[in-house]
Amino acid sequence: MSATMLLFPFSFLLLTTGALGFPMHDMAPPISTVVAEINIPIFNPRVAMAELKAIKLKYMDAQDVIAGKNLVVLPDTLSDPRLDALSDAALTDATSNLSGFALSESTPASHEANMSFLAMNAAAQSATDPLTDEMVGNIDLQYYGPVGFGNETHPQQLSVIIDTGSADLWIPVDCGDCANPQYEANTSSTYTDTGNPFNVTYGSGNVGGTLAHDTISIGGLEIDKQYFGAVTHVSSDFNDDPISGLIGLGFSSIATSGEPTFFENLIMQDKVSAPFFSVYLTRGKASGSMITLGGYDMSKAVGPLTWVSVISKTYWTVQFDGAVVEGKNVTGDLQAAIDTGTTLIYVSQAVASSIYANIPGAGPAANYDSNFFSFPCNSNPTISFLLGGHDFGLNMQDFNLGQDGDGSNNCIGGIVGMDDTFMEGFAIIGDEFLKSWYSVYDYSHGARVGFAPSINNAQ
């Protein structure tokens, strides 16, 4: 089957008013007289349906989680007021040579923290891990990068998914049904298997084994006795992926292991200069994505950083106040998980219906179940989300998942509706949104998520 080639004004490829949360006069004017040819591929239902099924498993306890049930108590160190000053100082330093916009005001506390860097552990620093974008057709499916296992001179490097929607690290060890590279634990003198069972369900499937600990490293950052799942069984879903495991970067309050995450240990052991990590996700490029632990890379942003408070230290959960679609408000009072381990955007069926009702010509996708909606391929609807009182736009390149069948004039939208009871008061914001925003996940100031317009939108 072939993709349909449609003609759009060149302005379709440019940022529009409100699309990135700041006025049009801050950007180059659109060139409406130039016409660009855009190939729209055909929607691949297999990928979307697989994730839809997996999301139901990954977030099956979400209602209990956001209600605060059965959570692990977070270490007090992660709420230490000292972290506020370290974060402010690091961001001030990161933007010291940047004119035109500021991320946070300089405060006496941040000056004090700048001085305190001299007295900190000399090993405190940041590290950047390159990520690979696994692409299926026009969909950026997931992002993964190398993590080192073992305390030897050359730790074994294995590829893991970067997931802010969970809080456990796992890797296969002596796994009989695992098709991808495994950790050769017998080569590490510091590997310890506790014998305690480890079982967890993720968006891509389920894994099982025992809880172990060993030296884990990313870049130049290293934690001894980091707990992780040494899995001896993985569901077939994972064998379809080019990865060995997963590293959870949510709050350890939801960790199956009951232990702090790798990044939380970096903070508590003063091994990073700042209590935040930053994520840049490419669009349609296998290489170039990255996660920076303890730092902020200004080269990945083209505008100011806007902070949104975390309202539940479980997932990186922020307030979702609704959406603005074609200039019309769609009300909402939801808790939204910002999830790098999820591809699309998921809301309740009721919220999804309200969003698409404001797009002319949109409606339930005729060829698929009620979770999916279509809209005219030749339209360019403006959609933005209100998160913590701030407006953040969604890029149409990411929202458009492809034609609803060969030769169709309708395309499938990337905002997916799910059962109202399952998604009651909840939303999941995945990579479809994050490709437009360089995101920062900060344990300081009561915990917050920062969004800066990504360089993707200037390319």
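The legends below describe close-up views of a predicted model. Local features need pLDDT of at least 70 and side-chain atom pairs count only at pLDDT 80 or more, while totals for chains, interfaces and linings use all residues. Residues are numbered from 1 along each chain as its sequence is written, and side-chain values use heavy atoms, with hydrogens and water left out.

**View 1. The protein chain as a whole.** The chain holds nine helices and 26 strands; helices (H or I, at least four residues) and strands (E, at least two) are DSSP runs, numbered from the N terminus. Of its 459 residues, 56% count as buried, that is, under 20% relative accessible area with a 1.4 Å probe, protein chains only. Contacts are heavy atoms within 4.5 Å; among those between residues at least 6 apart in sequence, 71% join residues at least 24 apart.

**View 2. The largest nonpolar core.** A nonpolar core is a set of buried Ala, Val, Leu, Ile, Met, Phe, Trp, Tyr and Cys residues joined through side-chain atoms within 4.5 Å. This core has 78 residues, of which Phe385, Ile415, Phe433 and Phe451 touch the most other members. Strand S14 (residues 316-325) supplies its largest share, five residues. Apart from this core lies another, of 24 residues, including Ala48, Ile55, Val416 and Ile428.

**View 3. The surroundings of Ile415.** Leaving out residues up to four places away in sequence, Ile415 touches Ile345, Val347, Ile355, Tyr356, Phe373, Ile383, Phe385, Leu394, Phe399 and Glu432.

**View 4. Helix H1 (residues 45-58).** The 14 residues of H1 reach 20 Å from first C-alpha to last, close to the 20 Å expected at 1.5 Å a residue; the expected span is 1.5 Å times one less than the number of residues. Val47, Ala48, Glu51, Leu52, Ala54, Ile55 and Lys58 of H1 are buried. At the N-terminal end, Asn44 caps the helix, with a side-chain oxygen 3.0 Å from the backbone nitrogen of Arg46.

**View 5. The disulfide of Cys175 and Cys178.** A disulfide is counted for a pair of cysteine sulfur atoms within 2.5 Å, and the count comes to two. Cys175 and Cys178 are joined with an S to S distance of 1.9 Å, and both are buried. The torsion about their S-S bond is about 75°, so this disulfide is right-handed.

**View 6. The disulfide of Cys377 and Cys411.** Here the S to S distance is 2.0 Å. The pair links distant parts of the chain, 34 residues apart: Cys377 lies in the loop between strands S18 (373-376) and S19 (383-387), and Cys411 in strand S22 (residues 410-413). The S-S torsion of about 105° makes this disulfide right-handed. Cys377 is buried at 2% relative accessible area, and Cys411 is buried at 0%.

Note on methods: Buried < 20%, exposed > 50% of the residue type's maximum accessible area, 1.4 Å probe, protein only. Polar contact = N/O pair within 3.5 Å; in protein donor to acceptor, adjacent residues only side chain to side chain.
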